Amino acid sequence: MFTAAKRTVKFVFQYFSANLQSAMEYRGAFLSQVIFMFINNLMLLFFWWVLFTRIESLNGWSFQHILLLYAAASGAYACQALLFGGSFHISRAIAEGRLDFYLAMPKPVLLHVLISRSSAFAWGDLAFALTIFLLASSPSLGRTLGFIVLIFAGGVVMTSFAVLAHSLSFWLGHSAQLANQLMEALLSFSLYPESIFSATTRLVLYTVIPAGFVSYLPVRILQEFTLAHESLLLVFALGLSILARFVFYRGLKRYESGNLVVINVVD
Amino acid sequence: MQLARGGSVQKYLKVAEISLTNRVVYLADHFASSIFLILILFIFSQLWKTVLGTNAEIAGLDSTGMLWYMVFTEVIAVSTPASHSLVSEEVKSGDIAYRLVRPYSYTLYYFAVHCGEFLVRFITNLTIGAAFAYLIMGPLAVEWVHLGWVLLGFALSTAINFLVSFSLALVAFWLEDNRPFFWVLNKLIFILGGLFVPVEAYPEGLRRVSYLLPLRYSFSAPARLVVNFNYAFLWQMLAGQLVWVIILAVLVGAMFRKGVRQVHVHGG
């Protein structure tokens, strides 16, 4: 079992490394994408800066909380896009019969699909998340490592949610737009403080659209660490990933090959 | 001048009509894509209720006014078609050569396409956005006698948005990848266009900068005019819009003339 786990980690690392090398092939384009994404995220904070020049607190949330919220959400998104970039394209692969390539390989299909792509611009999101985290909190090595665990857990939640949303294509056919809108909803809610929402909306945000586990709970943990909160986050991330895996393989039984004659280099 | 070349207005109206008809075919698709608009309006309705409660105001707008303001800025933003990406592709791929030999002005052709598509998107998005804002925050008091001025403001705003995007698309004549310019433009719309908050709420220095640039006249000002109409604001807005339409039209004309000289047709 240990050998199998080691082999899987090596497999993931090799894909990650190949994707990174591929992005670095055009170094100028890579750097400009990273820098622009960093600036892009920074500009998103502008609205909050203007708002907090007029108010002191938003139902207990200060500007510092907002900074941590953005650090957590953009860090989670970066983890998804860098490690599991294939999660954004599952719908298309299902609807167009492009899963054949992965089915023929002696590797876990879902994992292979997820790691087959990586978005270079997400390095900008990661750089932004780490910079904002270091600026908004009193950093130490332990806290920084803790932050990386939090954004990885958030990334797993986002990836699992993407797998669930895109797996709808097994039953609905072309539903990439619906999946993208669900992903958009998750990301959008993750970027606004939970204190502005009613109890019912919060219930939705901790269940159906799990933005609470992408950013709200990580912000609480960063503000005041409790083992209960940390465990809750990790258990939820694990549970959702198991559910996503179950639904994907359930749907895969309905998958029909596209009989496409294509050379599959990446997808 | 290239911008005006190509004969009667009639053919551009026809192009706009074709573009409009093409979009009407996908009407259901447009309504489905408005889900994002509802999502963002929902979040902001909660935010403004929390921040402003029932009495407080920002830049003269209460929570209801703020949401309605955002309905209009967002509807302009999400309804603006990405015709600039077609132009960029044509310039980069050289397909522009096929368009140049046709009996119309390249710029006016795309302006007509842009207007036709914008109209369909604007009507569908506004219907959904306004219905949502009405249900969640209540009605917006609009005096119908002002409608003509408001429509004029929106028409000029559409022209500004087209000219800004088109001028950036023409950068493809000189640079292979002009996408970063659009990323920056999107963020500038967010800040200097006052997408979420009227620019009047900004600190003094930033407000002055936004008053000097075109984006405020294509997003914030027309939206604010609908929500809080007054004639002094209208004249100021129309003056700014006209000045920017002229400046940008001259710029686009000059860029096109200079850029098109660099096109090499190799046949085939």
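Reader: Why is B:Glu57 called exposed?

Author: B:Glu57 has 12 C-beta neighbours inside 10 Å. The model is a predicted one, in which local features need pLDDT of at least 70 and side-chain atom pairs count only at pLDDT 80 or more, while totals for chains, interfaces and linings use all residues. Residues are numbered from 1 along each chain as its sequence is written, and chains are lettered from A and ligands numbered from 1 in the order in which they are written.

Reader: Where does B:Glu57 lie, and what is it in contact with?

Author: B:Glu57 lies in the loop between α3 (35-52) and α4 (63-79) of chain B; helices are DSSP runs of H or I with at least four residues, strands are runs of E with at least two, and both are numbered from the N terminus. Leaving aside neighbours within four places in sequence, B:Glu57 is in contact (C-beta atoms, placed from the backbone, within 7 Å) with B:Leu52 and B:Asp62.

Reader: How many helices and strands are there in chain B?

Author: Chain B has 13 helices and zero strands.

Reader: How do you know that the radius of gyration of chain B agrees with that of a compact globule?

Author: The radius is taken over C-alpha atoms, and the globule rule is 2.2 Å times the number of residues to the power 0.38. For 268 residues a compact globule would have a radius near 18 Å; chain B has 19 Å, which agrees. Buried residues make up 41% of the 268 residues in chain B.

Reader: What makes α7(B) oblique to α8(B)?

Author: Helix α7 (residues 106-137) and helix α8 (residues 147-170) of chain B pack at an angle of about 130°, with their axes 11 Å apart. Axes are lines fitted to C-alpha atoms, for helices over the stretch in contact, and angles run from 0 to 180 degrees between N-to-C directions. Angles under 35 degrees count as roughly parallel, over 145 as roughly antiparallel, 65 to 115 as roughly perpendicular and the rest as oblique. The angle therefore makes α7(B) oblique to α8(B).

Reader: Which residues make this contact?

Author: On α7(B) they include B:Tyr110, B:Phe111 and B:Phe118, and on α8(B) they are B:Thr158, B:Phe162 and B:Phe166.

Terms used
A residue is buried if 20 or more other C-beta atoms lie within 10 Å of its own, exposed if 12 or fewer, and partly exposed in between; C-beta atoms are placed from the backbone. Two residues are in contact if their C-beta atoms, placed from the backbone, lie within 7 Å.
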